Amino acid sequence: MTDNWDDSDDEWDANDAELDARLGLKSVEQNLPTFDDEEDLALKDKAANEASQQVEYKKKGTTLAAKKAAEKERLEEIELARKAVELEAEAEANMSPSELKALEQRRIEEADHA
């Protein structure tokens, strides 16, 4: 039996891409989002987070350095005041009784004026 079917104009034998193009359909590959292998969003987010952490650490480091400097200055002031009191006490120990009376009188007058 011979086949009388004419296959020459059968358009259904065309590949899917041609049919989709004729029907105006987009292929699955065209509908998928494209990703750049070099661009990984997780890595970008991680890098951005690390950068913000570095900025935050710098702020904290600056604050900590300022606190340490203030504490050092406060301790230096205390040390200077302590030395001044020691020198004054030593000077008083070496004073004569008349000089001690004059010093006490002066302190009383300063306290009254203050």
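**Exercise 1. Work out how accessible Glu86 is, and which partner its side chain meets.**

*Step 1.* Glu86 has a relative accessible area of 43%. Buried means under 20% relative accessible area, exposed over 50%, and partly exposed in between (1.4 Å probe, protein chains only). Glu86 is therefore partly exposed.

*Step 2.* The model here is predicted, so local features need pLDDT of at least 70 and side-chain atom pairs count only at pLDDT 80 or more, while totals for chains, interfaces and linings use all residues. Residues are numbered from 1 along each chain as its sequence is written, and side-chain values use heavy atoms, with hydrogens and water left out.

*Step 3.* A salt bridge is a side-chain nitrogen of Lys or Arg within 4 Å of a carboxyl oxygen of Asp or Glu. Glu86 meets Arg82 in such a bridge, at 2.3 Å from N to O.

*Step 4.* Arg82 and Glu86 are 4 residues apart in helix α3, which means that about one helical turn separates them. Helices (H or I, at least four residues) and strands (E, at least two) are DSSP runs, numbered from the N terminus. Arg82 is partly exposed too, at 38% relative accessibility.

*Step 5.* Now widen the view: Glu79, Arg82 and Glu86 are linked in a network of salt bridges.

**Exercise 2. Find the partner of Arg107 and say which helices the pair ties together.**

*Step 1.* Arg107 forms a salt bridge with Glu92, and their closest N and O atoms are 2.1 Å apart.

*Step 2.* Arg107 lies in helix α4 (residues 97–113) and Glu92 in helix α3, so this pair ties together parts 15 residues apart in sequence.

*Step 3.* Check the accessibility: Arg107 is partly exposed at 33%, and Glu92 is partly exposed at 23%.

**Exercise 3. Describe the pair Glu56 and Lys60, then count the salt bridges.**

*Step 1.* The closest N and O atoms of Glu56 and Lys60 are 3.4 Å apart, and the two form a salt bridge.

*Step 2.* Both residues lie in helix α3 (residues 41–93), 4 residues apart, about one turn of the helix. Glu56 is partly exposed, with a relative accessible area of 35%.

*Step 3.* Counted by the salt-bridge rule, the total is 7.

**Exercise 4. Summarise the chain and the confidence in its parts.**

*Step 1.* The chain has 4 helices and 0 strands, in the order α-α-α-α along the sequence.

*Step 2.* Of its 114 residues, 2% count as buried.

*Step 3.* Mean pLDDT (the predictor's confidence in each residue, from 0 to 100) is 82 for the chain, and 75% of the residues reach 70 or more.
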